[in-house]
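Here are my notes on this one, in the order I would go through them with the viewer open.

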Amino acid sequence: MSKDINDNVPSRQRRRFPGISSRAYEHPADRSALVALRKLSGFDTVFKALSGLLPERSLRLLFLSDSVRVSDAQFAHLNSMLRDACYILDLEKVPPMYVTQNPQPNAMCIGLDEPIIVVTTGLVELLDEEEMRAVVGHEVGHALSGHAVYRTVLLFLTSLALKVAWIPLGNVAIMAIVTALREWFRKSELSADRAGLLVGQDLRASMRGLMKIAGGNHLHEMNVDAFLEQAEEYESEGDLRDSVLKILNVLPRSHPFTTVRAAELKKWAETREHQRIMDGHYPRRDEDKDTSVGDSFRESAAFYADSVKSSKDPLMKLVGDIAGGTADLGGKLRDRFTGGGARPSDKASGPGAAGSDTAGPDTAGPGAAGPGTAGPDDKPGQNGPGEG
């Protein structure tokens, strides 16, 4: 008997999550970064001013006039996915979706009063139905979390920063807010990836979609397990210099790296938290008003503490060692930068010496090896492809 082509497609009867709160799938780093963003000096003033200046109606008219609006008559399969995603996450109002001509695979959820979802032709042509379903769920997750407002402000400020770059110090304040917004938005992508998994309910499809965004439509040449091994190698290999370079590489980006996103999503899919949601046990929107901000901070702090303890990144290991009271900081900094082992003078000279702190001060500090400052210049195409 021949194998049905849809054997690898999950049942159309997917689980639904009535009244689900975005807190159910939001990454702890997303919540903490957004709280920190709101506490940034001057952010509230800038945000309130921009909310009145941004051309909301103009934005909608732009997509209405120069893109294809998804409906039963146009891109009907995307319209079906959109309505299904809103039904599963119980989003009361289905946001309008547009397909815009752009070979770069991308999608975004923007808007101030009401969210708008935009997907590029490059993405539509790249992904199969189940992979695209996860992306649509990703964008609906942004809408449910209220991310569209901040994404819109980020796009506007990024454009504004380029226009006022010639003004002395005029770019500094704007770029401070842009950098903070980017840091939050990278974390919000991890939350939206989880929402996409709740909608698609097919982890392998989510993995394939991220892999295609990284390497194109060559599935016969790629392997999900090998792709995840890249994330493991990225996190664990190298010395402290590589850790600093990772930070500098990610600063200009609006999205986390695709291998990192895939690893984070797989890790969450295997947790008890995800299983409880699938079993129908999750926070409800009608409980949001009773949520404690302090609890969110404590949850985020616990997440970061666990991340530092379990991370294989050299810089995070060093942070964990410092937090644990490890001695000989200078020697550790030198070793992490150079990849070298202990100096002969640091070796134990007798029984019991391993527990003593007898090494002299290390005057060859790492300061001279540190990289120069790099501004987050947001050039077109620098962020790379990926869903918004």
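Predicted model: local features only at pLDDT ≥ 70, side-chain atom pairs only at ≥ 80, totals over all residues.

1. Contact here means heavy atoms within 4.5 Å. With that cut-off, take the contacts in the protein chain between residues at least 6 apart in sequence: 75% of them join residues at least 24 apart. Residues are numbered from 1 along each chain as its sequence is written, and side-chain values use heavy atoms, with hydrogens and water left out.

2. The protein chain has 16 helices and five strands; these are DSSP runs numbered from the N terminus (helices: H or I, at least four residues; strands: E, at least two). Of its 388 residues, 42% are buried. Buried is under 20% relative accessible area, exposed is over 50%, and partly exposed is in between (1.4 Å probe, protein chains only).

3. Searching the whole structure turns up two aromatic pairs. One of them is Phe17 with Tyr282, edge-to-face, at 5.9 Å centre to centre and 85 degrees between the planes. Phe17 sits in the segment before helix H1 (28–38) and Tyr282 in the loop between helix H13 (272–278) and helix H14 (293–310), so to speak 265 residues apart. Both Phe17 and Tyr282 are buried. For the cut-offs: rings of Phe, Tyr and Trp (its six-membered ring) pair if their centres lie within 6.5 Å, with planes under 30 degrees apart stacked, over 60 edge-to-face and the rest tilted.

4. What does Arg16 lie over? The face of Tyr87, at 4.2 Å from the ring centre. The test is that NZ of Lys or CZ of Arg is within 6 Å of the ring centre and within 35 degrees of the ring normal.

5. Is Asp90 buried or exposed? Asp90 counts as buried because its relative accessibility is 18%. Asp90 is in the loop between helix H4 (76–88) and strand E2 (97–100), and its side chain makes a polar contact with the side chain of Arg16 (3.1 Å). A polar contact is a pair of N or O atoms within 3.5 Å; within protein, one must be able to donate a hydrogen and the other to accept it, and residues adjacent in sequence count only if both atoms are side-chain atoms. Leaving aside neighbours within four places in sequence, Asp90 touches Arg16, Phe17, Pro18, Gly19 and Arg285.

6. Phe17 comes back in the largest nonpolar core: of its 48 residues, Phe17, Ile20, Leu78, Leu89, Met132, Val140 and Leu198 touch the most other members. Apart from it lies another core of nine residues, among them Val153, Ile177, Val178 and Phe185. A nonpolar core is a set of buried Ala, Val, Leu, Ile, Met, Phe, Trp, Tyr and Cys residues joined through side-chain atoms within 4.5 Å.

7. Strand E3 (residues 106–110) has four of its five residues buried. E3 pairs with strand E4 (residues 116–120) in the antiparallel sense over four bridges, where pairing needs at least two DSSP bridges. Ala107 has Val119 in E4 as its bridge partner. Five residues separate the strands in this hairpin, and Gly111 takes a positive phi near 125 degrees.

8. Worth a look on the backbone: Phe75, not a glycine, has a positive phi near 50 degrees. Phe75 is partly exposed, with a relative accessible area of 30%.
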